[in-house]
Amino acid sequence: MAPARAREASAAGPLVATRRKRRYTLLTRHDKIIIALMVGVPLTLDLLLIWGPTLASVALSFTNWQNIGPITGKNFVGFKNYQFLFTGYTLFWPAFLHNLIWLAWLTLIATPLGMFFAVLLDREMRGARIYQSVFFLPVVLSLVVVGFIWDLQFAPTDGFINNVLGTSHSANVIDWLGNPRINLFSLLIATSWRHIGYIMILYLAGLKSVDPSLREAARVDGATEVQTFFRVVLPVMAPINVIIVVVTAIEALRAFDIAFIINQGKNGLELLSILIYNNSISEASLVGFGSAIAVILLLISLVPIVAFLSRVMRTLA
Amino acid sequence: MSVIVATAPRAAVRKASRRVKPARVILQAFLIAMVALWLFPLFWAVYASLRPYGDTVIHGYLSWPTNGLSLVNYQNVWTQAEIPYYYLNTLVIVVPGVILTLLLASMVAFCCTQFSWKFNLIVLMLFTAGNLLPPQVIIVPLYWIYLNTPIANLGSIDIGNFSFAIFSDNNLLYDQYIGIILIHVVFQTGFATFVLSNYMKTITKEITESALVDGANVFRIWWNVILPLCRPALAAMATLLFTFMYNDFFWALVLLSHGSKRPITSALNNLQGEFLINNNLIAAGALLACIPPILVYIFLQRQFVAGLTLGSTKG
């Protein structure tokens with residue numbers, strides 16, 4: 001690399017050739033200032049509005065600040081917020097569990113289904129493009145709209161499901177979105193409607209990038225389609241599989257909109273993200289306490305984020 | 001590989017394909033059933049939105065349209081809930097949001113992929129990781145920042161009862177269009193930078209180097225050389241970013257307080273109970289709100305899918 005550049009630089013004229021040692025040989029002072037600005041401005045904004053608040057959340061989680069007056073030494077309470085979170089706050093463990101169920105559902109049911117659809121559609125077949133478009137359609141809808149659309153299915157007396165099951169007028173009407181024992185799963189069905197298409201499209205792109213000769217070879221060697229998939233395609237797809245799992249985990253941790261739309265995340269739909277909002281912004285201004293929940297969510301999120309970065313940055317480097 | 005295929009016994013190959021045929025039928029049947037299942041919730045919403053409310057009160061929602069179908073619900077939502085006004089709210093947030101995001105992200109991606117310097121990997125990681133954080137992790141301090149950052153009030157652009165403040169009508173970032181635009185731009189720049197860097201990596205550095213030799217400055221190379229080369233990626237990102245910002249609910253919920261400033265997606269939630277008082281109207285409102293992204297999807301499906309997969313499959 002270096003000799004090639006040096007050659008090119010000297011070909012350009014003696015002026016640049018004198019500075020051939022540095023990588024930036026061709027850049028003038030002016031250029032360097034422009035580069036600094038082009039990276040510096042977005043980076044400053046990113047640090048101020050994303051990473052600054054992230055660190056501030058961590059710091060605030062050790063205080064009892066309530067958004068009134070300045071923060072002084074007296075506000076520092078050590079791990080008290082966390083202590084109360086784990087032992088005294090009745091909504092924390094349910095919310096934690098709901099996030100866990102969300103994650104498990106997406107990872108074990110919705111994501112594999114999306115991958116399954118991708119595998120089915122990844123072949124010469126009449127209508128494959130139409131099927132693909134249909135499965136993908138919900139992905140462009142906002143979760144607010146998804147919530148509204150599914151409310152029409154799940155509503156207790158007017159909803160489609162209860163009317164078909166004949167449980168809309170009887171005394172034991174099924175309240176799909178109101179009953180705290182089942183509403184999380186109703187919500188997960190609605191969420192999956194969107195998630196499956198998303199995963200399908202990501203996975204389909206991955207499948208299309210698999211060298212067709214690999215499959216050809218497996219077929220010639222007498223492998224069945226199922227064998228070919230599990231023994232040949234899946235191992236080749238390892239990088240995509242990691243990304244799919246990470247995307248799924250991040251989606252699960254981010255869940256907020258649809259639960260909030262249905263009932264503000266109450267009564268069986270508590271999620272960590274919603275507890276942060278309710279405690280620190282909407283219902284109370286317990287900044288320190290809400291931040292402690294945010295830190296827990298942050299720590300969990302770091303697992304998929306680090307996994308993603310370590311996978312992806314290798315290729316960007 | 002083709003040699004092997006050519007020498008493989010023809011009969012065996014033909015037999016294999018014939019054996020697959022009944023499986024194909026099952027596959028098609030399964031997929032058609034799934035497609036029906038996928039479309040049903042949408043179909044049901046459309047059906048409910050087309051039925052007059054009185055009809056559904058008498059016969060229930062699960063009934064044939066004895067009194068016919070009409071667009072009266074759409075008409076009511078459109079005028080009473082002022083849907084065009086909320087479309088405009090979305091428009092003034094999303095258009096600058098997408099353009100600014102693409103400009104900033106392409107600058108960072110350009111500098112980090114076309115020049116090698118010490119920190120470019122760290123910078124890319126900061127942007128990428130920042131976008132992967134759940135927004136709720138940063139919301140508490142961000143909310144404080146928005147309530148405590150002074151912004152100039154230099155009047156406004158008024159169109160009818162719609163007013164776009166320059167830059168803030170309460171001297172804060174909070175409850176302002178520019179505040180929402182700002183957080184969208186900063187948050188999505190992380191994602192766009194990641195995808196665009198992936199794309200720009202494939203552009204050889206020699207293009208930039210020879211342009212430098214020819215005496216072009218860095219800014220001109222970015223604008224006149226690299227951006228035109230990235231047109232497909234930029235189109236894909238624009239489509240995707242439009243949908244992301246259009247569909248946002250959380251930022252608008254927290255960082256706007258006046259209902260009159262809410263973009264259509266989050267306004268929908270406010271309108272429920274006030275104007276969207278029955279399922280028929282709710283269905284009509286929800287469907288009106290998702291027409292723009294569906295149009296984008298229908299006409300720009302290729303770009304949309306490319307945008308989603310650019311980030312994941314180049315790895």
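**Figure 1. Packing around helix H13 of chain B in a predicted model.** The buried residues of H13(B) pack against helix H7 (143–154) and H13 of chain A, and also against H5, helix H11 (231–247), helix H12 (250–255) and helix H14 (279–289) of chain B. Helices (H or I, at least four residues) and strands (E, at least two) are DSSP runs, numbered from the N terminus. H13(B) covers residues 264–271 and is mostly covered, with 7 of its 8 residues buried. A residue is buried if 20 or more other C-beta atoms lie within 10 Å of its own, exposed if 12 or fewer, and partly exposed in between, with C-beta atoms placed from the backbone. The buried residues are Ile264(B), Thr265(B), Ser266(B), Ala267(B), Leu268(B), Asn269(B) and Leu271(B). After H13(B) comes Gly273(B), which has a positive phi near 95 degrees. This is a predicted model, in which local features need pLDDT of at least 70 and side-chain atom pairs count only at pLDDT 80 or more, while totals for chains, interfaces and linings use all residues. Residues are numbered from 1 along each chain as its sequence is written, and chains are lettered from A and ligands numbered from 1 in the order in which they are written.

**Figure 2. The contact between chain A and chain B.** On chain A, 86 residues are in contact with 85 residues of chain B. Two residues are in contact if their C-beta atoms, placed from the backbone, lie within 7 Å. Helix H3 of chain A (residues 29–60) gives the most to the side of chain A that touches chain B, with 18 residues. By class, this side of chain A has 60 nonpolar, 17 polar and 9 charged residues. Ala, Val, Leu, Ile, Met, Phe, Trp, Tyr, Cys and Pro count as nonpolar, Asp, Glu, Lys and Arg as charged, and the others, Gly among them, as polar.

**Figure 3. The hairpin of strands S1 and S2 of chain B.** S1(B) and strand S2 (residues 162–167) of chain B pair in the antiparallel sense over 5 bridges. Two strands pair if DSSP finds at least two bridges between them. Opposite Phe162(B) in S2(B) stands Ile159(B), and opposite Ser163(B) in S2(B) stands Asp158(B). The hairpin has 2 residues between the strands, and Gly160(B) takes a positive phi near 60 degrees. Strand S1 of chain B (residues 153–159) has 7 residues, and the number buried is 0, so the strand lies largely in the open. A cis peptide bond, with omega about -10 degrees, joins Ile166(B) and Phe167(B). Phe167(B) has its place in strand S2 of chain B.

**Figure 4. The two domains of chain B.** Domain bounds come from an automatic or database domain assignment. For chain B the assignment gives domain 1 (2–73) and domain 2 (75–313). The C-alpha centres of these domains of chain B lie 34 Å apart. Their contact takes 11 residues from domain 1 of chain B and 11 residues from domain 2 of chain B. On the side of domain 1 that touches domain 2, the elements of chain B that give two or more residues are helix H2 (10–50), helix H3 (53–59) and helix H4 (72–80). H2(B) gives the most to this side, with 4 residues. The residues of this side divide into 7 nonpolar, 3 polar and 1 charged.

Figure 5. Most residues other than glycine have a negative phi, and most peptide bonds are trans. Asn267(A) is in the loop between helix H13 (257–263) and helix H14 (272–282) of chain A. Asn267(A) counts as partly exposed, with 13 C-beta neighbours inside 10 Å. The loop between H4 and helix H5 (83–114) of chain B holds Glu82(B), which is partly exposed with 16 other C-beta atoms within 10 Å.

**Figure 6. The kink in helix H5 of chain A.** H5(A) (residues 92–121) has 30 residues and reaches 41 Å from its first C-alpha to its last, close to the 44 Å expected at 1.5 Å a residue. The expected span of a helix is 1.5 Å times one less than its number of residues. A kink of about 40 degrees is centred on Leu106(A). The bend at a residue is the angle between axes fitted to the seven residues ending there and the seven starting there.
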